[in-house]
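Q: I am new to this structure. Please take one part and walk me through it closely.

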Amino acid sequence: MRHGKKFNHLGRTASHRKAMLSNMATSLILHRRISTTLAKAKELRKYVEPLITRAKEDTTHNRRVAFSYLQSKEGIKALFGEVAEKVAARNGGYTRIIKTGFRLGDNAEMCIIELVDFNELMLKDAKPAKKTTRRSRRSTGKSTDANEQVADAKADTSDADNKGADEQKEDKSED
């Protein structure tokens, strides 16, 4: 029976799975983005996010725990250096999985897993250029510059219309 065994074994033995996830995590930290299958990416997310959370606090113990997972000095330097600086303000969700389609040979679902704070293209899209205000028929009690300008413009046009109407009445009365 398979009760209570929730994680995906990925068709590998425990030692092979551990080595593969360690190598993939090191590659993700060093290269910021890797392409893999969706199943591996979901398991890698569970593996690497706790390591990134540990990297926020740079202690000897946290470095040793991270090294036991990654087995790479370069990976540890990058994790506790650049990666920890970028994600310091983030509370979780350090990785993003983007589906890219299906592999040609065996039709496996492929994706890109990347570190969220390192994708410059998506960071630019996330910031809106300028916030626009919505005009409503109801007044909210707040007086904004845009509403005042609209009210001034309406007053000017209504004054001009009233003057034109007064002049027309005077012309008719003179006739």
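A: Buried here means under 20% relative accessible area. Threonine 36 has a relative accessible area of 7%, so it is buried. The model is predicted.

Start with where this residue sits. Threonine 36 is part of strand β1, which covers residues 33-37. Leaving aside residues up to four places away in sequence, Threonine 36 touches Met24, Ala41, Glu109, Met110, Cys111 and Ile113. Lysine 99 is 63 residues away from threonine 36 in sequence. In space, the two are 9.8 Å apart, C-alpha to C-alpha.

Now turn to the helices. Two packed helices are described by the angle between their axes and the distance between the axes. Helix α1 spans residues 14-31, and helix α2 spans residues 38-55. Their axes come within 10 Å and cross at roughly 80 degrees. Angles of 65 to 115 degrees count as roughly perpendicular. α1 and α2 are therefore roughly perpendicular to each other.

Which residues of α1 and α2 meet? From α1 come Lys18, Met20, Leu21, Ser22, Met24, Ala25, Leu28 and Ile29. From α2 come Lys40, Glu43, Leu44, Tyr47 and Val48. By type, this contact of α1 with α2 has 9 nonpolar residues, 1 polar and 3 charged. Met24 belongs to this contact, and Met24 also touches threonine 36.

Next comes the other neighbour of α2. Helix α3 holds residues 60-70, and its axis lies 10 Å from that of α2. The angle between α2 and α3 is about 160 degrees. Angles over 145 count as roughly antiparallel. So α2 and α3 are roughly antiparallel to each other. Their crossing is left-handed. Tyr47, Leu51 and Arg54 of α2 make the contact with His61, Asn62, Val65, Ala66, Tyr69 and Leu70 of α3. These residues divide into 6 nonpolar, 2 polar and 1 charged. Tyr47 of α2 meets α1, and Tyr47 also takes part in the contact with α3.

The protein chain has 6 helices and 3 strands. From the N terminus, the elements run α-β-α-α-α-β-β-α-α. Of the 175 residues, 28% are buried, and threonine 36 is one of the buried residues. Consider contacts between residues at least 6 apart in sequence: 56% of them join residues at least 24 apart. The accessible surface comes to about 13,200 Å², and 50% of it belongs to carbon and sulfur atoms.

Conventions. Residues are numbered from 1 along each chain as its sequence is written. This is a predicted model: local features need pLDDT of at least 70, side-chain atom pairs count only at pLDDT 80 or more; totals for chains, interfaces and linings use all residues. Side-chain values use heavy atoms; hydrogens and water are left out. Axes are lines fitted to C-alpha atoms, for helices over the stretch in contact, and angles run from 0 to 180 degrees between N-to-C directions. Helices (H or I, at least four residues) and strands (E, at least two) are DSSP runs, numbered from the N terminus. Angles under 35 degrees count as roughly parallel, over 145 as roughly antiparallel, 65 to 115 as roughly perpendicular and the rest as oblique. Contact means heavy atoms within 4.5 Å. Ala, Val, Leu, Ile, Met, Phe, Trp, Tyr, Cys and Pro count as nonpolar, Asp, Glu, Lys and Arg as charged, and the others, Gly among them, as polar. Buried means under 20% relative accessible area, exposed over 50%, partly exposed in between (1.4 Å probe, protein chains only). Accessible areas come from the Shrake-Rupley method with a 1.4 Å probe; for residues, only the protein chains shown count as cover. A crossing is left-handed if the near helix is turned anticlockwise from the far one by less than a right angle, and right-handed if clockwise.
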